Amino acid sequence: MHRPLVLAAVAALLCAGCSTADAGNRDKSAATSGSESSETGSAVRAAVAALREDSAGLRQKIELEGGGQVYGLTVTGGFDFAADKGHLAVDLPGGAIDHSDQVFADGTIYISGAQGIDEDAWGAMPRDRAEAHYLLRAPLNDPEHVLRQIAAMRKISREGEETIQGVRAVRYRGILDHRTVTLRMASDVRTKMNQARDTLGSDLPVFADAWVDGRGRLVQTRLSVNMSGMRSTVTMMLSDLGEPVRVTVPRAADTVPVTEVSGILNG
């Protein structure tokens with residue numbers, strides 16, 4: 001496949017329906033060269049490990065930019081990472097389907113507001129069967145997937161301190177390798193990503209940022225890519241660390257088994 005066609009295909013994976021411009025404008029960062037120090041890498045991985053044993057409120061902002069337009073999704077809710085349960089609300093103002101609710105409990109994801117699922121019903125899918133259909137998106141917006149990618153970031157550099165939600169935090173920046181970027185991707189999407197990597201002769205320029213406060217807690221993450229006239233940024237803000245997360249599981253009578261859920265709201 002020729003390079004322009006591959007880049008256009010990858011750009012389409014960022015946001016269906018967004019137009020693309022010429023290739024170029026890769027993010028420039030010190031993280032693209034050199035190796036991480038043991039201190040920086042350990043700080044990020046320790047913060048991720050601590051959150052996996054805790055709970056948090058979260059707000060995810062997904063920005064997709066292309067063709068002179070910006071598209072925005074939000075994912076809000078709470079997650080008990082230690083108990084593997086949580087609830088999310090996904091919104092896309094102006095979308096054909098503009099809202100979806102997702103509940104995680106007992107190894108299952110329950111989904112409402114998705115194509116093919118009746119208005120008063122919940123689709124039920126095994127959590128480990130969910131797949132990502134867009135670049136930088138998590139399978140059914142699973143925040144644990146984001147943590148797994150952040151923990152795998154490489155060539156990490158310390159970028160200084162910033163104030164995040166009123167808290168001073170150190171910002172760490174790194175890159176994601178191809179294996180991490182394509183983690184849990186649907187096979188057709190992974191094929192296109194593999195073609196893009198082979199044509200470019202290198203991994204796609206995907207950057208990861210993690211903000212860690214003075215108590216070693218992860219307070220914000222960000223994944224970003226800028227290529228082929230398209231920019232995608234996924235920022236997850238964490239709050240109310242340690243607060244209980246209550247989850248209401250849909251009644252069995254209101255659920256239907258599903259084997260696949262796609263669409264921009266669902267990653």
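A: A nonpolar core is a set of buried Ala, Val, Leu, Ile, Met, Phe, Trp, Tyr and Cys residues joined through side-chain atoms within 4.5 Å. Buried means under 20% relative accessible area, exposed means over 50%, and partly exposed is in between (1.4 Å probe, protein chains only). Before we use these words, note that this is a predicted model: local features need pLDDT of at least 70, side-chain atom pairs count only at pLDDT 80 or more, and totals for chains, interfaces and linings use all residues. Residues are numbered from 1 along each chain as its sequence is written, and side-chain values use heavy atoms, leaving out hydrogens and water.

Q: Which residues of the largest nonpolar core touch the most other members?

A: In soluble globular proteins, nonpolar side chains tend to be buried together. Here, the largest nonpolar core has 61 residues, and those touching the most other members are Ile111, Leu135, Ile150, Leu204 and Leu218. Let's follow Ile150, using contact to mean heavy atoms within 4.5 Å. Beyond its neighbours within four places in sequence, Ile150 is in contact with Val44, Val48, Ala208, Asp209, Ala210, Thr221, Arg222 and Leu223.

Q: How many residues of helix α3 are buried?

A: First, the labels: helices (H or I, at least four residues) and strands (E, at least two) are DSSP runs, numbered from the N terminus. An α-helix has 3.6 residues a turn, so residues three or four places apart point the same way. Helix α3 spans residues 143–151, and seven of its nine residues are buried, which leaves the helix mostly covered. The buried ones are Pro143, His145, Val146, Leu147, Gln149, Ile150 and Ala151.

Q: Which residue caps the N-terminal end of α3?

A: Asp142 does: one of its side-chain oxygens lies 3.0 Å from the backbone nitrogen of Glu144.

Q: Why does Pro143 count as buried?

A: Pro143 counts as buried because its relative accessibility is 1%. Setting aside neighbours within four places in sequence, Pro143 is in contact with Leu58, Phe79, Phe81, Leu88 and Met236. Take Phe81: the two residues are 62 apart along the chain, yet 8.8 Å separates the C-alpha atoms of Pro143 and Phe81.

Q: And what does His145 touch?

A: His145 is buried too, with a relative accessible area of 6%. Not counting residues up to four places away in sequence, His145 touches Arg137, Ala138, Pro139, Leu183 and Arg184.

Q: How many aromatic pairs does the structure hold?

A: A pair of aromatic rings is described by the distance of the centres and the angle of the planes. Rings of Phe, Tyr and Trp (its six-membered ring) pair if their centres lie within 6.5 Å; planes under 30 degrees apart count as stacked, over 60 as edge-to-face and the rest as tilted. The structure holds two such pairs. One is Phe79 with Phe81, a tilted pair at 5.1 Å centre to centre and 35° between the planes. The other is Phe79 with Phe104, which is edge-to-face at 5.2 Å centre to centre and 70° between the planes. That pair links distant parts of the chain: Phe79 is in strand β2 (residues 69–80) and Phe104 in strand β4 (residues 99–105), 25 residues apart. Phe79 and Phe81 are both buried, and Phe104 is buried as well.

Q: What order do the strands of the open sheet have?

A: Two strands pair if DSSP finds at least two bridges between them. The open sheet has twelve strands with mixed pairing, in the order β7-β8-β9-β10-β11-β1-β2-β3-β4-β5-β6-β12. Its edge strands, each pairing on one side only, are β7 (154–164) and β12 (255–257).

Q: Which strands does β8 pair with?

A: With β7, β8 runs antiparallel, joined by seven bridges. Arg158 has Tyr172 in β8 as its bridge partner. The β7–β8 hairpin has two residues between its strands, and Gln165 takes a positive phi near 50° there. Strand β8 (residues 167–175) also pairs with β9 (residues 206–213), antiparallel over seven bridges. Arg173 stands opposite Asp209 in β9.

Q: Which strands does α3 lie across?

A: Axes are lines fitted to C-alpha atoms, for helices over the stretch in contact, with angles from 0 to 180 degrees between N-to-C directions. Helix α3 lies across β1 (55–66), β2, β3 (85–91), β9, β10 (218–227) and β11 (230–239), at about 75° to β10.

Key:
Polar contact = N/O pair within 3.5 Å; in protein donor to acceptor, adjacent residues only side chain to side chain.
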